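Subject: Structure for your review

Dear colleague,

Please find below the structure that I am handing over to you.

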Amino acid sequence: MNGRFGSDHDGPDEGLELSDVQTMFAEFATNLPELPLYAAICRGVAADPEAAAPLLAASAGQRRPVLWLAALHDLVLRDPAVAAARWYAGAAARDPAPPGDPWPDVRCTVLEHRDTLTETIATHSTQTNEVNRAVYLAAAFGAACADVAEQTVALVEMGASAGLLLLLDHYRIERRSSHGNSLVGAPHSPVVCVGEDRSDTVSPAAPLPIVASRVGLDLHPVAIDDVVGLRWLEACLWPDVPGRLERFRSAVELAREHPPTLVRGDMVDDLAAVVALAQQNARPSSQVVVFSSWALTYVARERRQRVAEVLDRAAARGVPVSWVTAEPMGCMPGVTLPPSLTAHDATTVLAVRRWRDGSETEPRVLGTCHPHGEWIDLTVG
Ligand SMILES: C[S@@+](CC[C@H](N)C(=O)[O-])C[C@H]1O[C@@H](n2cnc3c(N)ncnc32)[C@H](O)[C@@H]1O
């Protein structure tokens with residue numbers, strides 16, 4: 001992902017006109033050939049100003065094809081009788097989608113429901129909660145907490161969405177590689193997360209530390225009983241990726257049994273209070289692990305260092321504190337990237353800053369990964 005489709009802190013887009021929007025759809029179709037449904041739809045929109053127009057209703061920073069696609073997916077999930085729905089395997093409860101060109105059905109649905117789509121686009125922003133990201137988070141937590149693995153964790157997620165990643169220790173998390181496979185989490189979980197390990201050398205996966213408390217912080221948290229909010233999260237998933245929707249739905253089921261605490265607030269301004277809450281719900285000796293995954297990137301660059309200041313103060317009380325990020329390159333402040341990574345600007349970078357015995361240790365880049373955890377590479381340098 002790059003440019004207007006997901007780079008670190010995308011710029012304002014108010015100046016974009018209809019022809020620019022159509023160009024973005026054309027680029028999207030070219031960039032993601034592995035998504036046949038979305039590529040075909042985007043090719044259609046790129047050549048059809050009437051179909052593209054609803055995206056002009058998007059609020060600042062949101063004028064991107066993914067929002068248009070999510071609005072249509074939401075419509076399909078809400079009303080599986082619309083013509084476009086038969087191309088969406090998840091909505092039609094069928095896998096895979098039929099062969100042929102989806103565009104005529106999609107165009108017909110878009111024009112017929114233009115007002116609904118425009119309203120959805122005007123009032124929503126894209127929001128995902130990608131459960132398979134547990135693959136890279138588990139690897140990052142194992143590396144970040146290796147020196148204090150015996151201490152239970154007060155876990156905090158910045159930008160938690162519905163909080164599904166806070167439950168990663170309830171998932172079966174597999175890393176597969178030619179050097180052998182590894183498994184952490186709950187082996188018999190109905191939620192299975194899988195990623196390829198592309199590291200040069202693969203060591204056995206460190207077990208996840210025991211989680212004593214978990215709190216998620218989000219500007220727009222989605223409660224596990226919020227049917228409309230959860231449908232929007234589903235709509236933001238790409239239906240072309242096999243198993244993604246099903247994994248999300250099983251994680252939601254599991255979260256109904258173990259609902260994480262979610263707090264509405266800003267991940268910088270409200271972090272100190274949320275860390276204190278997580279500590280209060282854990283044991284006095286628990287270490288603090290704060291993480292973000294594709295969320296810090298939405299915070300203005302100049303505000304990000306304040307996260308470290310909050311954690312510095314939390315660490316002054318003596319407990320180990322770790323801050324793990326899985327974000328686009330250059331997002332975590334204070335971390336120097338190895339020169340070898342600069343060529344990989346399509347990747348997500350795993351990095352950690354840690355405080356031990358009250359002082360910060362050397363920040364580290366842990367590796368790179370696919371933004372949805374399809375692969376990780378812990379070879380750095
Ligand atoms: C792309 S989603 C990622 C969600 C989740 N971390 C994951 O990886 O699946 C980004 C989340 O960050 C939240 N967010 C964006 N800016 C925020 C802020 N300043 N404070 C708190 N949450 C924020 C959004 O509401 C959204 O839920």
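Helix 8 (residues 227–235) and helix 9 (residues 244–257) pack at an angle of about 150°, and their axes lie 10 Å apart. The two helices are therefore roughly antiparallel to each other. Angles under 35 degrees count as roughly parallel, over 145 as roughly antiparallel, 65 to 115 as roughly perpendicular and the rest as oblique. Axes are lines fitted to C-alpha atoms, for helices over the stretch in contact, and angles run from 0 to 180 degrees between N-to-C directions. Helices (H or I, at least four residues) and strands (E, at least two) are DSSP runs, numbered from the N terminus.

The model is predicted, so local features need pLDDT of at least 70 and side-chain atom pairs count only at pLDDT 80 or more, while totals for chains, interfaces and linings use all residues. Residues are numbered from 1 along each chain as its sequence is written, and side-chain values use heavy atoms, with hydrogens and water left out.

In the pair described above, Leu230, Leu233 and Glu234 of helix 8 are in contact (heavy atoms within 4.5 Å) with Leu245, Phe248, Arg249, Val252 and Arg256 of helix 9. Gly229, Leu230, Trp232, Leu233, Glu234 and Ala235 of helix 8 are buried. Buried means under 20% relative accessible area, exposed over 50%, and partly exposed in between, with a 1.4 Å probe and protein chains only. The cover over the buried residues of helix 8 includes helix 2 (36–46), helix 4 (65–78), helix 6 (114–123) and helix 9.

Helix 2 deserves a separate note. In this helix, 8 of the 11 residues are buried, so helix 2 is largely enclosed by the rest of the structure. The buried residues are Leu37, Tyr38, Ala39, Ala40, Ile41, Cys42, Gly44 and Val45. They pack against helix 1, helix 3 (49–52), helix 4, helix 5 and helix 8.

With helix 1 (residues 18–31), helix 4 forms an angle of about 85°, the axes being 9 Å apart. These two helices are therefore roughly perpendicular to each other. Met24, Phe25 and Phe28 of helix 1 make the contact with Pro65, Val66, Trp68 and Leu69 of helix 4. With helix 5 (residues 103–112), helix 4 also packs at about 85°, with the axes 11 Å apart. Helix 4 and helix 5 are therefore roughly perpendicular as well. Here Trp68, Leu72 and Leu75 of helix 4 meet Val106, Thr109 and Val110 of helix 5.

I turn now to the strands. In strand 1 (residues 153–158), 6 of the 6 residues are buried. In a regular strand the side chains alternate between the two faces of the sheet. Both faces of strand 1 are covered, with Val153, Leu155 and Glu157 on one side and Ala154, Val156 and Met158 on the other. Strand 1 pairs (two strands pair if DSSP finds at least two bridges between them) with strand 5 (residues 211–218) in the parallel sense over 6 bridges. Strand 1 is also parallel to strand 7, again over 6 bridges. Glu157 stands opposite Gly216 in strand 5, and its bridge partner in strand 7 is Phe291.

Strand 8 (residues 321–328) is mostly covered, as 8 of its 8 residues are buried. Strand 7 (residues 287–293) and strand 8 run parallel and are joined by 6 bridges, and Val289 stands opposite Ser322. Strand 8 and strand 9 (residues 348–356) are antiparallel over 8 bridges, and Ser322 stands opposite Arg354 in strand 9. Gly330 is in the loop between strand 8 and strand 9. At 36% relative accessibility, Gly330 counts as partly exposed.

Finally, which backbone angles call for attention? Most residues other than glycine have a negative phi. Ser161, however, has a positive phi near 60°, and Trp294 has a positive phi of about 50°. Ser161 lies in the loop between strand 1 and strand 2 (172–176) and is buried, with a relative accessible area of 2%. Trp294 lies in the loop between strand 7 and helix 11 and is buried, with a relative accessible area of 12%.

Yours sincerely
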